[in-house]
Amino acid sequence: MIMKKSSMRLGFIGTGNMAGAIMGGIIRNQIFSPEEIIGADISPAGRDRVKAEHGICVTESNQEAAREAEVLILSVKPQYYADAIAEIRDCVSEDQLIITIAPGKTLSWLQEQFGKPVKLVRTMPNTPALVGEGMTAACKNSNVTEEEMEYALKILGSFGKVQVVPEHLIDAVVAVSGSSPAYVFLFIEAMADAAVAEGMPRAQAYEFAAQAVYGSAKMVLETGKHPGELKDMVCSPAGTTIEAVRVLEEKGFRSAVFEAMKACADVSRSL
């Protein structure tokens, strides 16, 4: 069982965009109060930003965050993981739960970097965590008990949905949910630009495009219908929608998405 170390229940090493999104979701859902969260970052601007936005405690010392928090989230970029772990490994105790969010950094690699038995939960969240609609995958090493994993899942579920997956699927998760908000934003922007070209005011175009994507995604999740079936429901014979779909197919829309996700997963594996 995780032992209470101090008033700081949750710590972050790194306070970038993903960390900020996770903090925002956790605080919005009242899992932890801002006073129970500590964030470490070498960048004064990064510390000032999360302190101003979320009201958490901040420090420039990774070691302080590692000593103070009972659950520690490593939220630095993958290329900085080795250095960050080398800095904090002597401060980490066997009672702490370490949650990672770096693509490419396997449980075995992480364990090797710490050089001692530690409790590791490897995850891949995404930035919609900021609005409570994140999608997170998680897997654990053998040092994490089922009770501790449930605690980790409660934290991860506070800013959206979470599922336990086998570790070999994490790279697929990076492509299908971790990085995909960028694809969706690009799609919304393109639709809005086209609406503007048709004469719609830009702010209105963004709202129409974004709501259409939001509502369509909700239909997939709530109806249980196959996306192809839902697509067919919109495509009347000789109608406007099937003509738009024809052009998307002609331009390689699905193939482009497929190849983009494959490239994303390949890079994830190489990190």
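Predicted model: local features only at pLDDT ≥ 70, side-chain atom pairs only at ≥ 80, totals over all residues.

Me: With which residue does Arg 49 form a salt bridge?

Reply: A salt bridge is read from the distance between a side-chain nitrogen of Lys or Arg and a carboxyl oxygen of Asp or Glu, with a cut-off of 4 Å. Here the partner of Arg 49 is Glu 53, the closest N and O atoms being 3.6 Å apart. Both residues lie in helix α2, four residues apart, about one turn of the helix.

Me: How far apart in helix α12 are Asp 266 and Lys 262?

Reply: They are four residues apart, so about one helical turn separates Asp 266 from Lys 262. Their closest N and O atoms are 3.2 Å apart, and the two form a salt bridge. Asp 266 is partly exposed at 33%, as is Lys 262 at 43%.

Me: Which parts of the chain does the pair of Arg 9 and Glu 36 link?

Reply: Arg 9 forms a salt bridge with Glu 36, at 3.7 Å between the closest N and O atoms. This pair links distant parts of the chain, 27 residues apart: the segment before β1 and the loop between α1 and β2.

Me: Which helix gives the most to the lining of the largest pocket?

Reply: That helix is α9, with 11 residues. The pocket has a volume of about 2,700 Å³, and its lining divides into 33 nonpolar, 10 polar and seven charged residues.

Methods:
Residues numbered from 1 in each chain as written. Heavy atoms only, no water. 1 Å grid on protein atoms, 1.4 Å probe; cavity = no way out; pocket = protein on both sides within 12 Å on 5 of 7 lines; lining within 4 Å. Points joined across faces, edges and corners; volume = space filled by probe spheres on them. Helix = DSSP H or I, 4+ residues; strand = E, 2+ residues; numbered from the N terminus. Nonpolar A, V, L, I, M, F, W, Y, C, P; charged D, E, K, R; others polar. Buried < 20%, exposed > 50% of the residue type's maximum accessible area, 1.4 Å probe, protein only.
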